[in-house]
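Please brief me on this model. Keep it short and grouped by topic.

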Amino acid sequence: MAELGSKGVTAGKIASNVQKKLTRAQEKVLQKLGKADETKDEQFEQCVQNFNKQLSEGTRLQKDLRTYLASVKAMHEASKKLTECLQEVYEPDWPGRDDTNKIAENNDLLWTDFHQKLVDQALLTMDTYLGQFPDIKSRIAKRGRKLVDYDSARHHFEALQTAKKKDETKIAKAEEELVKAQKVFEEMNVDLQEELPSLWNSRVGFYVNTFQSIAGLEENFHKEMSKLNQNLHDVLLGLDKQYSGNAFPVKAQPRKKTKLFARLRKKMSSDSTPVKANKSPSPPPDGSPITSPETKTVNHELEPSTLETPGASIPKSPSQPAEAAHAGAEAAGSEAAAGAEASKTDADSGSSSLPAVVVETFPATVNGTVEGGASSERADMPPGFLFKVQAMHDYTATDSDELQLKAGDVVLVIPFENPDEQDEGWLMGVKESDWIQRKELDQCRGVFPENFTERVQ
């Protein structure tokens, strides 16, 4: 009999639960159709939105923290293999062998300690913080179900009260169920109304503590690692001094675009030749030869930034030969008309002087950008100055457009006039000492391998 009674209780609970689910489903349908009003609490709904946002942020932080720890562990393994490789290649008769073994051991211990402290002070704290969310989430869902039960009991009680034929027994029972449903709902609602805002505000302190712990652990780790690296550097420096005759030569990357300035001058010369031929002055009536110092100077040394041709614009970069030729043709046409009128005036006056050469100064162009002069550039630096580098090794120039460097030389880096001319691993610049003494960019600039230098500014 006891066993049958136990089964009867279980069946009764199942039936009760099924009835509750049916009643809730019916109530929700009526509320969605607008046939029954729904109890709403905007303040509580805002707390639920904050809760969901906080849970999402915490879950993401936990995931990223686990990824960070996995990366630390991977770095530990990589560092360990690297130090093991050093121990293998470090021969027993080399000085500092014992020191390198001690450094490798301390390096491994430091990584292990760093990872373990991150787990204890960050990950475990994170897990504890997120551990409180599942319970609260289930209580929020239960509170929602109890609210539906309360609305259903309220609507049932109101329907019995407004019925034409009133049944006091049913009304009393419905009122009793309403009071009971309201009590259960309010108890859960009050607890959550207190806990959710407190949980939302606690996120600030948790984030501060978590990231402060990570930052402090990283700072201490890098300090200790820096000491180990300095010790290793000193050991290797002693080894280098003992075997200084077997120094490893540092080599520059091979260049594909050599003789940069020679090709640039050749291109400028070929682009400017037709323009100059069309603008050469006609010989004087007496047949005496024409001597033009200005023209000779220009023909003797073509400079991209100082070449002066009467009445025509010079291409600002090697990438603009077509525009220069077109401008030169137009200038030649306009000069022909002006030359005829000038010849007539000279004939009347009996003068045999040559046409005046018009000198124009064009702003320097770097990578297609016109430099504004002293207003946009530092007065003590070359145009387009980018940054300073210092030579760490001697470099012997192998081409006419390369800089000769000695260890300690400071170079002012400037951009290439045509970015297509730049090889990977090479920079354009002028030595600071040459720039201070001569201030002649075209005469002093050159290319140099970047891996022979170190940036200082």
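Leaving aside neighbours within four places in sequence, W94 is in contact with V89, L239 and Y243; contact means heavy atoms within 4.5 Å. W94 is found in the loop between α2 and α3. This is a predicted model, in which local features need pLDDT of at least 70 and side-chain atom pairs count only at pLDDT 80 or more, while totals for chains, interfaces and linings use all residues. Residues are numbered from 1 along each chain as its sequence is written, and side-chain values use heavy atoms, with hydrogens and water left out.

- W94 counts as partly exposed because its relative accessibility is 23%.
- The cut-offs are these: buried means under 20% relative accessible area, exposed means over 50%, and partly exposed lies in between (1.4 Å probe, protein chains only).
- The C-alpha atoms of W94 and Q242 are separated by 9.1 Å. Along the chain, W94 and Q242 are 148 residues apart.

**Chain overview**
- The chain has 10 helices and seven strands.
- Helices (H or I, at least four residues) and strands (E, at least two) are DSSP runs, numbered from the N terminus.
- The chain has 457 residues, and buried residues make up 31% of them.
- Among contacts in the chain with a separation of 6 or more, 72% come from residues 24 or more positions apart.

**Confidence**
- The mean pLDDT of the chain is 76. A pLDDT of 70 or more is reached by 65% of the residues.
- pLDDT is the predictor's confidence in each residue, from 0 to 100.
- Over residues 1–7 the pLDDT is below 50, and this stretch has zero contacts in the model beyond near neighbours in sequence.
- Residues 275–377 also have pLDDT below 50.

**Helices α2 and α3**
- Helix α2 spans residues 42–89, and helix α3 spans residues 97–131.
- Their axes come within 10 Å and cross at roughly 170°.
- Axes are lines fitted to C-alpha atoms, for helices over the stretch in contact, and angles run from 0 to 180 degrees between N-to-C directions.
- α2 and α3 are therefore roughly antiparallel to each other.
- Angles under 35 degrees count as roughly parallel, over 145 as roughly antiparallel, 65 to 115 as roughly perpendicular and the rest as oblique.
- The residues of the contact of α2 with α3 divide into 16 nonpolar, 12 polar and six charged.
- Ala, Val, Leu, Ile, Met, Phe, Trp, Tyr, Cys and Pro count as nonpolar; Asp, Glu, Lys and Arg count as charged; the others, Gly among them, count as polar.

**G58 in α2**
- G58 sits in helix α2. G58 counts as buried because its relative accessibility is 0%.
- Leaving aside neighbours within four places in sequence, G58 is in contact with M126, L130 and Y207.
- G58 and D127 are 69 residues apart along the chain, and their C-alpha atoms are separated by 9.5 Å.

**Helices α4 and α5**
- The axes of α4 and helix α5 (residues 168–242) come within 8 Å and cross at roughly 150°.
- That makes α4 roughly antiparallel to α5.
- The residues of the contact of α4 with α5 divide into 18 nonpolar, four polar and 11 charged.
- R145 lies in helix α4 (residues 133–162). R145 is partly exposed, with a relative accessible area of 39%.
- R145 and F185 are 40 residues apart in sequence. C-alpha to C-alpha, R145 and F185 are 8.9 Å apart in space.

- E402 is in the loop between β3 (387–391) and β4 (410–414).
- E402 counts as buried because its relative accessibility is 10%.
- Leaving aside neighbours within four places in sequence, E402 is in contact with R255, Y395, A397, W426 and V447.
- E402 and W426 are 24 residues apart in sequence and 10.0 Å apart in space, C-alpha to C-alpha.
- K439 lies in the loop between α9 (432–438) and α10 (441–444).
- Phi of K439 is near 55°, a positive value in a residue other than glycine.
- K439 counts as partly exposed, at 44% relative accessibility.
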